Amino acid sequence: MPAQLLSIEVAPDLVDQVYRALLGAISSGALAPGERLTQEDIAARLAVSRQPVLQALRLLKKDGFVQDAPGRGVLVAPLEAEAMRKVYQVRGALDVLAARLAAQQRFRIDPKLIERGRRAARGRNVEAMIDADVAFHQAIYAASGNPLIGQSADPHWRHLRRAMGAVLQAEPQRESLWDEHEAIADAIAAGDGEHAARLSDEHVSRASDALAERLAQQLAHMASASATPATKGDKA
């Protein structure tokens, strides 16, 4: 007798669409840290029923992007600079390995990826800046020939996108980042695995230090700004 399977009430692709829409809004800063989210509001804004929203919020909570709010709903989880630094440590190890393996293949990264990144860096679209950066590194993961690298890096990039989005709203991405990317691409194409690995390690270290510092400053400024009205109210 065939096994009985429960019917699926919500199409998985709809849950995934809601998840990605919310994750994108959190990453870009459209949904700010500490902002309260309710199923009803999200369902109305995305023109979907509450059920896929509930499932998507559960996934976001599991992945650490939202947390329970006092009373009803959830809150967008706060950003923590030290946590981002730890994520960068893991991503850096994966980037170094991917660059070394890609160099063994003398892989040539499509120059259009770098030009796309430089073009985004000169613009004001934060999503485009982040997408270009991710696309470049994903190309190296793919070139490594080891699919586990990209699979392992993906969940970390979700959190890094969020931190990058928060910082890049106030400070546009500098084109010098793409000078570093181009140098890594050149070393890989030349088959110099050690040089490519060293450049990748330095690239991630600089990005980690800069991002953690800017994020800490930004969070401190936000905390100070939120405390100011209360202080004035006490004096009144």
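Visitor: What does Pro52 count as, buried or exposed?
Guide: Buried means under 20% relative accessible area, exposed means over 50%, and partly exposed is in between, with a 1.4 Å probe and protein chains only. Pro52 has 1% relative accessibility and therefore counts as buried. Two points on the source come first. The model is predicted: local features need pLDDT of at least 70, side-chain atom pairs count only at pLDDT 80 or more, and totals for chains, interfaces and linings use all residues. Residues are numbered from 1 along each chain as its sequence is written, and side-chain values use heavy atoms, with hydrogens and water left out.

Visitor: Where does Pro52 lie?
Guide: Helices (H or I, at least four residues) and strands (E, at least two) are DSSP runs, numbered from the N terminus. Pro52 is part of helix α3.

Visitor: Which phi value stands out at Ala47?
Guide: Most residues other than glycine have a negative phi. Ala47 has a positive phi, near 60°. Ala47 sits in the loop between α2 (39-46) and α3, and is exposed at a relative accessible area of 69%. Arg106 also has a positive phi, near 50°. The loop between α4 (81-104) and α5 (111-122) holds Arg106, which counts as exposed at 52% relative accessibility.

Visitor: How many of the 18 residues of α6 are buried?
Guide: The number is 13, so α6 is largely enclosed by the rest of the structure. The expected span of a helix is 1.5 Å times one less than its number of residues. For α6 (residues 126-143) this gives 26 Å, and the end C-alpha atoms are 26 Å apart, which agrees. A polar contact is a pair of N or O atoms within 3.5 Å; within protein, one must be able to donate a hydrogen and the other to accept it, and residues adjacent in sequence count only if both atoms are side-chain atoms. Asn125 caps the N-terminal end of α6, with a side-chain oxygen 3.0 Å from the backbone nitrogen of Glu127. Just after α6, Gly145 has a positive phi of about 80°.

Visitor: Where does α7 bend?
Guide: The bend at a residue is the angle between axes fitted to the seven residues ending there and the seven starting there. In α7 the bend is about 35° at Asp154, with Pro155 following within four residues. From first C-alpha to last, the 22 residues of α7 (147-168) reach 30 Å, close to the 32 Å expected. Asn146 caps the N-terminal end of α7: its side-chain oxygen is 2.9 Å from the backbone nitrogen of Leu148.

Visitor: Which side chains make polar contacts with Arg161?
Guide: Arg161 of α7 has a contact of 2.7 Å with Asp131 and one of 3.4 Å with Glu127. Beyond four places in sequence, Arg161 touches residues including Ser27, Ile130 and Val134. Arg161 is one of the buried residues of α7.

Visitor: Which residues does Ala166 touch beyond four places in sequence?
Guide: They are Ser27, Leu79, Leu215 and Gln218. Ala166 is in α7 and is buried, at a relative accessible area of 11%. Its C-alpha is 9.4 Å from that of Pro33, 133 residues apart along the chain.

Conventions. Contact means heavy atoms within 4.5 Å.
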